[in-house]
Amino acid sequence: MSRLRRVTGRQVLKALQRAGFILVRTKGSHHFVRHPDGRTTVVPIHAGETLGPGVFNQILKDAEIERGDFDKLL
């Protein structure tokens, strides 16, 4: 298994928007996004900080996106 890529919350949000997710609302640093088919997830955005592997994996799981597909979206 390859190592996880280190990405910021802003990069993840942009990649999810390319995949068709729409920003629904923001509460503090947490951005709530939803896909038209009903998938939802929350992306924390903190200036310049990379997402931890657990948070990143949970976002991919919620969004039902594979790592390889996500890398193509970046």
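Arg-34 is found in strand β2; helices (H or I, at least four residues) and strands (E, at least two) are DSSP runs, numbered from the N terminus. This is a predicted model, in which local features need pLDDT of at least 70, side-chain atom pairs count only at pLDDT 80 or more, and totals for chains, interfaces and linings use all residues. Residues are numbered from 1 along each chain as its sequence is written, and side-chain values use heavy atoms, with hydrogens and water left out.

**Strands and hairpins**

- Strand β1 (residues 22-27) pairs with β2 in the antiparallel sense over five bridges; two strands pair if DSSP finds at least two bridges between them.
- Between these strands, Thr-26 has His-31 of β2 as its bridge partner, and Lys-27 has His-30 of β2.
- The hairpin of β1 and β2 has two residues between the strands, and Gly-28 takes a positive phi near 65° there.
- β2 and β3 also pair in the antiparallel sense, over five bridges, and His-31 has Val-43 of β3 as its bridge partner.
- The hairpin of β2 and β3 has five residues between the strands, with Gly-38 at a positive phi near 110°.
- In a regular strand the side chains alternate between the two faces of the sheet.
- In β2, His-31 and Val-33 form the covered face, while His-30, Phe-32 and Arg-34 form the uncovered one.
- The charged end of Arg-25 sits over the ring of Phe-32, 4.0 Å from its centre (the rule asks for NZ of Lys or CZ of Arg within 6 Å of the ring centre and within 35 degrees of the ring normal).

- Leaving aside neighbours within four places in sequence, Arg-34 is in contact with Gly-20, Phe-21, Ile-22, Val-24, Arg-39 and Thr-40 (contact means heavy atoms within 4.5 Å).
- Val-24 and Arg-34 are 10 residues apart in sequence, and 6.5 Å apart in space from C-alpha to C-alpha.
- His-35 is in the loop between β2 and β3 and is buried, because its relative accessible area is 14%.
- Outside four places in sequence, His-35 is in contact with Ala-19, Gly-20 and Phe-21.
- Arg-39 lies in the loop between β2 (30-34) and β3 (40-44); its relative accessibility is 18%, so Arg-39 counts as buried.
- The side chains of Arg-39 and Asp-37 are joined by a polar contact of 3.1 Å (a pair of N or O atoms within 3.5 Å; within protein, one must be able to donate a hydrogen and the other to accept it, and residues adjacent in sequence count only if both atoms are side-chain atoms).
- Beyond four places in sequence, the residues in contact with Arg-39 include Val-33, Arg-34, Glu-64 and Ile-65.

**Glu-64**

- Glu-64 is found in the loop between α2 and α3 and counts as exposed because its relative accessibility is 61%.
- Most residues other than glycine have a negative phi, and most peptide bonds are trans.
- Glu-64 is not a glycine, yet has a positive phi of about 55°.

**Nonpolar core and aromatic pair**

- The largest nonpolar core has 16 residues, and those with the most contacts inside it are Val-12, Leu-16, Phe-56, Ile-65 and Phe-70 (such a core is a set of buried Ala, Val, Leu, Ile, Met, Phe, Trp, Tyr and Cys residues joined through side-chain atoms within 4.5 Å).
- The elements that give two or more residues to this core are α1 (9-18) and α2 (53-63).
- Ile-65 is in contact with Leu-16, Arg-39 and Phe-70, among others, when neighbours within four places in sequence are left aside.
- The count comes to one aromatic pair; rings of Phe, Tyr and Trp (its six-membered ring) pair if their centres lie within 6.5 Å, with planes under 30 degrees apart counted as stacked, over 60 as edge-to-face and the rest as tilted.
- The ring centres of Phe-56 and Phe-70 are 5.2 Å apart and the planes are at 70°, so the pair is edge-to-face.
- This pair links distant parts of the chain, with Phe-56 in helix α2 and Phe-70 in helix α3 (residues 67-73), 14 residues apart.
- Phe-56 is buried at a relative accessible area of 5%, and Phe-70 counts as buried at 2% relative accessibility.

How values were computed:
Buried < 20%, exposed > 50% of the residue type's maximum accessible area, 1.4 Å probe, protein only.
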